[in-house]
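Please open the structure in a viewer and keep the sequence panel at hand.

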Amino acid sequence: MDPASAVAAIGANPASFAELVAQLQDADNDRRKAAEAIFDALKEQPDLCITCLVQTLRTCSAVEARLFCSVMIRKVIYYRSDTDLKSPVLWDKCSQHVQAVTKQALLEALVQEPDRNVTSKVCAAVSDLANLIYSKSGWTELMPTLLTMLNSNQQPQIANGLSVLGDVASYLAEHLKAQLQDIVNMLVRFLACGNKDVTVAAANAATAFIEAYEDNGSRQMMSPLVQPMLAVLGQLLSSGDEEEARNVLEMFISLAESSARFLRPHLIALVDAMMRVAGAGDNLDANTRQLAVEFLVSLCEAREHCPGMMRKVPNLARSLFELVMGFLLDIVDDPAWHNAADDSNEDAGAGELYDSGQEYLDRLALSLGGKAVSDAAAPLLGSWITDASWQKRAAVFICLAQIAEGCTKIMSSASYLEQLARMCVMGLNDSEPHVRWAACQALGQMCTDLGPELQAKHHATILPALMAIMENFSSPRVQAHACAAIVNFSEGVESEVLPPYLDSLILKLLNLLQHGAKLVQEGALTALASVADSSQELFNKYYDTVMPLLTQILTTANAKELRLMRAKALECISLVGMAVGKDRFRADARNVMGYMQQVQAAGMEADDPLASYMLQAGARLCKCLGSEFMEYLPLVLPSLLNSASADPDVQVVDEDDLDADDLPDDMEAIPMGDKCLMYRSSILEEKATAVNMLSCYAEELKEGFWAYVGPVLKLVLDGVEGQSPLIKFYLNEEIRRSAAALLPSLLRCCIAAAERGVPGASPAATGEFLRAAWGPLLEALRKEPEGDIQAVQLDAISEIVEMVDKALLPADAIQAAFKVFDVVLEKADKRRAERVSRRATEDFDAEEAEAIEAENELEEELFDQVSTAVGAFLKKFGDDVLPLVESLLVTRYGAMLTDKSRSSEERRIAICLVDDLLENSPAGMIKHFNNVLPMLLESARCTDHADLRQCAVYGLGVMAAKGPVEAFRPHAAAIAELLANIVRQPDAKNEDNDMATDNAVSALGRILAHHGEALGADGGAALAALWVGNLPLKVDLVEATAMHEQLVQMCEAQDPRIVPHAAKVASVFAEVLGGGKSYVSGPVGLRMAQLLLRLQSAVPAEAISSVLSTFNAKQQASYQGFMAGNVPE
């Protein structure tokens, strides 16, 4: 029977619905699918569907059928067709009569249903329906029914009534507020009644009510609930009912996450109880102990609600740290761990507590702060590192790896780094492989969290110890982990650190590659790739030895168990190619692309890691070969677009329907109340990689990528059917980040293609692209929750504004951007106000002040990014955007300039924006000159923030060059003296101050050029001598180019203030010409060379020769090229 006919039959005889219910639960897949099709058709007739479910629930004798119907009622009331997701839910399509009958039947079932499991689902159905309808039409019979149940003398009815009451608390809070004291009294009574079902239900309801009310009065009224809840936990544990005890522990965790401040009056009792549970050892199940620690750690993390609270609990940091360290001892030596065939046995021997211990250490360091945790750690780690138990020695290094991120500030001190390096070398020399492995783990993580200082200061002890481990073939798993530590060491290491070790290090890695176990070979490949990436052109020395071996692995490692090794060989080849450059790599690159083409044509299995590695390798090869890669683009782009379009199979399912055993290995589940958000993590990772690679191709190939701009833009802005656009793909941050970065790259492709006459490309097409992308980009910025992604989006806006013609951005598009800027900054201001309020709490301390400072710095970066974007508009549109900029300055940046409590960094950000206004808006310069000048002078005198001083003196230079002459001239001499004083400081040229000093020299030069007559009868000859004496500029290259051109102009004009310093001028010219186009533009450099030729005979020979003697080959070539009349490359 087809579904429509089956539904008609049910309509004629509703009693036959019971047969459908049975079929829906049938084990036979075909019969069940046929029944599901009928049920889907039945949902298109809402009255009939609900009526059948309710009647079966109330009348069927089969418990399984009633249970099924109670579950389905919850689902169908919210049902809407996939073809019309904006239509009303099924419940709203039901007639009033059916709705009334259904509500009454559910309440009757709530009271009368005899089966406990069915009752539980009925409670959930009642709660969900109340949630749906209470704010609309209400449910007048609900509360009287619940009160009747709660006042009965039947314990099951009381428990069920409490269950529903707890579920509805959040959305009936306002309706019940007048009865809150009565509810609290009732809950206290039920918590103490002694019946397990009732006490647990009462604890759940108490949790719900506490979370439902946030005002202080209500919270104070509910404070008496905490101790009875704690007593219920104790009773359950004493009676051995750990399953229910864990439910209560999860309620406390929920309160810790949502209502930590509410728990403060009970903190000592709560901490004491949870520490006893967590420290119960074998007397309690590991899961129970974990939940107790989860509660404590969650309280530590509740900094927004009660900053510093947990640090005030006596001995809490030390006691909790020691307890969690004990979790790391839950490990034994499993023979499988030593097997290095692959990484599947890395956790062999670890018990249930081991991974939790690592997680909790990480979270404690981040939440309690580095000082508290490092103080707690020092004595214990010092004791354990020499303990006879290898578990304790290994735990020391696992701990260091976990707490390094949270303790970065403390651990980065010179003395701490020396101690850590010494400890790690001790661990690397330990006789026990587990300890050596853990020491590699600690070193690798600390190189990431404490680098590059750790590598720079202690490479002489760290690298030899790691390389010694590579020689120990008796412990292949440790060898492989030493390779992983080399990867961390190499990433971000300063350029001068690795070269002395390259010969030995590469030799050892090649030895592992040829003779190591499979896991070791894979690790060696990754380490070799990382070393090549860090060494760049220095790797040319090893290319002829390394590349044949890598190619051999790539083309011969075809067995299934060697697939990852083959993929890592491809990764290594691509990174080596980038390191040595296309001239050396070109021939091998063609072979690699040919291999990739063959593999792609032959097809790969779905789980072959080579597919993902090929995405990244293709982009690297493109970056290396540049335009020469164009012939391979049709090979790589189709698969890349497929990966970027891949569906990660996102689903939202009821928690009750989730069966972890039936899920694919890569299916992730994120709890969301009683629902779970599920997705395929491997597909999502591949999608993120692909989107990132698209940006690489577009950026590198420009007009060569034109044919793919349309399909890629559609993915970014519209997505594919059933998926969100990439720019709003909220399931993955990396995808949103890459999508935002893609837009300016794609626009650059459009512009380059139009300029080069690529068919189909034109200025009109560029305008069409911009109109399509502008609104979605602004909307994504407005809604983006992550500050670091907003920074990328703002960068994209800045780049777009800088590259397009003014006509392509009409007034309404500009106004829309400034409106979004204001919204973004308004949210940031609110977050700042919340942080300020945290300072007023009773537990606020110095460590919390540091944490807030770190949060402020992240927020300051957002203001800085917006300021940069606004600056881009000012550079492009000048006076046309002045009113919009002024509005933003007044509402969002004004306090940064005038409020003395704001940080120097905030003031710097605001002054940068003011500088852009002065430089690019003539009307703004005139209008705001008198107000801005005192602010710049004050900030220029700042001695403790060089970046603020730099922005201020830059602004003074702009005012000197572009401000109204009559307004600036009265201040010129005083400002020149202020700048001279900055330049004369003994530490003016040190690393912290050199950028500010360059800008002060530049500003002084502009005053000399535009206001010499205000500097005395000689036009400021002494100041001119100081100016010339501080040339050439080498730090701020923009100012360097401008000042060196000014010096050329003054020499060409035979400025009397410059003529007496001919020898110095000659040496400056020589040094600038040796620096090439970094220090001077090509045409100006040629003019400078002509002047230097004339000066050679007029100045002592050593004025020039002393400079030339310091040149390297590249500087010599640049100098000689200019002097010969050629602009060097």
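Where in α43 is the kink centred? In this predicted model, select R892: a kink of about 60° is centred there. Now extend the selection to residues 882-898, the whole of helix α43. Its 17 residues would span 24 Å in a straight helix at 1.5 Å a residue, but the end C-alpha atoms are only 20 Å apart.

Remain on α43 and colour its buried residues, among them L882, L888, Y893 and L897.

The next stops concern salt bridges, of which the whole structure holds 58. Side chains of opposite charge can pair when their charged atoms come close.

Select K43 and D40, whose closest N and O atoms are 3.3 Å apart in a salt bridge. K43 is buried, at 14% relative accessible area, whereas D40 is partly exposed, at 40%.

Proceed to R58 and E108, which form a salt bridge at 3.9 Å, N to O. R58 belongs to helix α4 (residues 46-59) and E108 to helix α7 (residues 96-112), so this pair ties together parts 50 residues apart in sequence. R58 is partly exposed at 25% relative accessibility, and E108 is partly exposed at 30%.

Finally, select K714 and D718, a salt bridge with its closest N and O atoms 4.0 Å apart. Then select E294, E301, E359 and R363, which salt bridges with shared partners join into one network.

How values were computed. Residues numbered from 1 in each chain as written. Predicted model: local features only at pLDDT ≥ 70, side-chain atom pairs only at ≥ 80, totals over all residues. Heavy atoms only, no water. Helix = DSSP H or I, 4+ residues; strand = E, 2+ residues; numbered from the N terminus. Expected span 1.5 Å × (residues − 1). Bend = angle between axes of the 7 residues up to and from the residue. Buried < 20%, exposed > 50% of the residue type's maximum accessible area, 1.4 Å probe, protein only. Salt bridge = Lys/Arg side-chain N within 4 Å of Asp/Glu carboxyl O.
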